[in-house]
Structure formats: C-alpha cells, structure tokens
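Please work through each task before reading its solution.

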Amino acid sequence: MSKIALITGATAGIGEACARLFASQKYDLILLARRAERLDSLAETLSKEFGIKVKTVVADVRDKAAVQKLENLPEDWKKVDVLINNAGLSRGLDPINSGDTDDWDVMIDTNVKGLLYVTKVVSNWMINNSTGHIVNIGSIAGKETYINGNVYCATKYAVDSLNQAMRIDLLSHKIKVTGIHPGAVSTEFSEVRFKGDTERAKKVYDGFEPLHAQDIAEAIWFAVTRPAHVNINDMIVMATAQANTTHLLREI
Ligand code: NDP
Ligand code: 8X3
C-alpha cells in the first residue's frame, strides 16, 4: 500500500514542491489550500505523471469548521504517514506601532491557529494508526527577530515552540515531529507579504541566489526518510549567501 502525505499550502512554493517530490516517490497525496483551480490542476498533473492518487481539499486553515471537515474523508485516506504543516504567510513589514492589525490577525490565524487546527485532526489519525511524522515549516524568522518582522517572527517562534511541544505530547505515540526552518526562499512569499507589489517582492532576492522551493522539499524528504529510530528535531536551511536574517551577501 502506498504511503500518504497531507500537505497544507500545496498550491505554490514549498508546498507545491513537496507535492511534486513526494508524488515522484509514489506517495498518495492529500493537498489542501484555498485556490481550487490550482489544486485541481496540480492534482491532475501529478496523478497523470506519477500514477498516484490525489485528494484535494479546498479549505482555509483559519476556518476551524472547514478543517474539521477533513474528518469526512474516507477512512483509507486517514492513514496519513506524513503531515506537512506548510500553509503560512507574512503580511506587511512595518514597525510595531504602525503595523496593520488586520495583517496581524491573518498571520496569527494562519501560521499558528491554522497549523493547530490541522494538527489536532491529523495527529488523532496518526495516534489511531500508531505511526506518523509531522513536519512543521517554521522559519529563520522563528529563530531570530529582525527589524519590522515583529508579528510574523512571533508566529514562527510559536511554530518553533509548538514543534517542541508536539514532540513531547506525541512521544508516547511514537509520532515523529520535525521543524524545518528556511531562510529566504524564492516563492510567492514576498509577493504575498507586499500585497502584490511584484517590484518590491523581486528586490528581496536581488543580487544573491536564494533557496528554491525544491531545496526545502529535499530537506523535508531527508527528514522523512530517516530510519525509524532517527528523528530530525530541527533543521535550519539557508542560502549560502545568507548568514542570518540581517547579513546577506548581495553582489549587485
Ligand atoms: P507561497 O506564498 O509560495 O505559498 C504559500 C502557500 O500557503 C500557498 O499554497 C497558499 O495557498 C497557502 N496558504 C496561505 N494561506 C492559507 C490559508 N489560510 N489556508 C490554506 N492555505 C493557505 O509561500 P512559501 O511556499 O514560501 O511558504 C510556505 C511556508 O514556508 C510558509 O509557512 C512560510 O511562512 C514558510 N517560509 C517561507 C520562506 C520564504 O522565504 N519563502 C522562508 C521561511 C519560511 P492558497 O493561497 O491557495 O490558499
Ligand atoms: C521567511 C523568511 O527572513 O523573510 O520566513 O522572514 S524571512
């Protein structure tokens, strides 16, 4: 029987790269995100190209009731081996005194509460199956705070904390928990952060080669394919040109 991975935020960037990589390794997939058309087209491509089964779930992870509907999936689909808690975003880059409180709500609700809602449902499936691996996508922003990063950083510090907490709470169930913390990755992330300002988004990656989504998918794949007795607790992955959130070698 094929293994199953559930990937949140599968319509772009890191989540999409994970979907492709896991599909290429013959995992069946549950792909969750808000953009139905993108999900459908990815599902069609991957099932044709790799002969795998794909279920799509159009849902906003902030919507508790919508996430709860995962329970309506057929029982066979609840045998999830790997959960990749990837759906997440940043909105804005402003000082604490002038940040937009609606942006704060979106980040906290998506990056923290959404991750929790999905984890609650799927960790119970894993407990019933007596096996599973949860991969939480944190960030370098959850390891160091940078100027104007305030609330986004706080959400990723929360992910880092929850990653540790999950490992404790799920220990007796032998469920692995891994935190993956990327530095700058060239995805739709900056376009979303700057609300469609593509020029400003492009500048984030000027003069250096950032990570590509595939690099992070490969790091996740490494963590997921360790032997049963090995768990990768935490992995920080940076572009070679990025020492930390403030020191970047830009060659312009
Ligand atoms: P992208 O913007 O390219 O992809 C984000 C994905 O998350 C999309 O598939 C989007 O799908 C989904 N998503 C966003 N909000 C929701 C929601 N409310 N409900 C369901 N799905 C949602 O960004 P990345 O691939 O870069 O980001 C993936 C993760 O990696 C995030 O958690 C991000 O914080 C983290 N990260 C990114 C870094 C970077 O530099 N790019 C660095 C470190 C961490 P849709 O819009 O269809 O719902
Ligand atoms: C995304 C990386 O440094 O822009 O999490 O916050 S950073």
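**Exercise 1. Determine which element gives the largest share of the lining of the second largest cavity, and describe that cavity.**

Solution. The largest share of this lining comes from α4, which gives three residues, in what is a predicted model. Next, looking at the elements that supply at least two residues of the lining, one finds α4 and α5. The volume of the second largest cavity is about 60 Å³, and among its 14 lining residues those nearest the centre are Arg 91, Gly 92, Asp 94, Met 107 and Asn 150. Sorting the lining of the second largest cavity by class gives four nonpolar, five polar and five charged residues.

**Exercise 2. State how many cavities of 30 Å³ or more there are, and characterise the largest cavity.**

Solution. The count of cavities of 30 Å³ or more is two. The largest cavity has a volume of about 70 Å³, and its lining is made up of 14 residues, with Thr 8, Asn 85, Asn 86, Ala 87 and Leu 115 the closest to its centre. Two or more residues of this lining are given by α4, which spans 101–129, and by α5, which spans 150–169. The largest share, five residues, again belongs to α4. By class, the lining of the largest cavity holds six nonpolar residues, seven polar ones and one charged residue.

**Exercise 3. Describe the largest pocket by its volume, its central residues and the elements that line it.**

Solution. Begin with the volume, which is about 1100 Å³ for the largest pocket. A total of 47 residues line this pocket, and nearest its centre lie Leu 89, Tyr 152, Thr 187, Phe 189 and Ser 190. The elements that give two or more residues to the lining are α1 (13–24), β2 (28–33), α5 and α6 (189–193), and the largest share, four residues, comes from α6. The class division for the largest pocket is 24 nonpolar, 15 polar and eight charged residues.

**Exercise 4. Identify the residues that surround ligand 2, and then find the side chains that place a polar atom 2.5 Å from one of its oxygen atoms.**

Solution. The surroundings of ligand 2 consist of Ser 139, Ile 140, Ala 141, Tyr 146, Tyr 152, Phe 189 and Arg 193. From this set, Ser 139 has a polar side-chain atom 2.5 Å from an oxygen atom of ligand 2, and an N or O atom in the side chain of Tyr 146 is likewise 2.5 Å from an oxygen atom of the ligand. For Tyr 152, the distance from a polar side-chain atom to an oxygen atom of ligand 2 is 2.6 Å. Tyr 152 and Phe 189 surround ligand 2 together with other residues, and both are also listed among the residues nearest the centre of the largest pocket.

**Exercise 5. Give the volume of the second largest pocket and the make-up of its lining.**

Solution. The volume is about 290 Å³. Of the 15 residues that line the second largest pocket, Lys 3, Thr 131, Gly 132, His 133 and Lys 176 lie nearest its centre. The lining has five nonpolar, five polar and five charged residues.

**Exercise 6. Decide whether Cys 18 and Cys 153 are buried or exposed, and count the disulfides.**

Solution. The cut-off for a buried residue is under 20% relative accessible area. Cys 18 has a relative accessibility of 0% and therefore counts as buried, and Cys 153, at 1%, counts as buried because its value falls under that cut-off. The number of disulfides is zero.

Note on methods
Residues are numbered from 1 along each chain as its sequence is written. Chains are lettered from A and ligands numbered from 1 in the order in which they are written. This is a predicted model: local features need pLDDT of at least 70, side-chain atom pairs count only at pLDDT 80 or more; totals for chains, interfaces and linings use all residues. Side-chain values use heavy atoms; hydrogens and water are left out. A disulfide is a pair of cysteine sulfur atoms within 2.5 Å. Buried means under 20% relative accessible area, exposed over 50%, partly exposed in between (1.4 Å probe, protein chains only). On a 1 Å grid over the protein atoms alone, a cavity is a set of points where a 1.4 Å probe fits but cannot get out, and a pocket is an open set with protein on both sides within 12 Å along at least five of seven lines; lining residues have an atom within 4 Å of a point. Grid points are joined across faces, edges and corners, and a volume is the space filled by probe spheres set on the points. Ala, Val, Leu, Ile, Met, Phe, Trp, Tyr, Cys and Pro count as nonpolar, Asp, Glu, Lys and Arg as charged, and the others, Gly among them, as polar. A residue is near a molecule or strand if one of its heavy atoms lies within 4 Å of it. A polar contact is a pair of N or O atoms within 3.5 Å; within protein, one must be able to donate a hydrogen and the other to accept it, and residues adjacent in sequence count only if both atoms are side-chain atoms.
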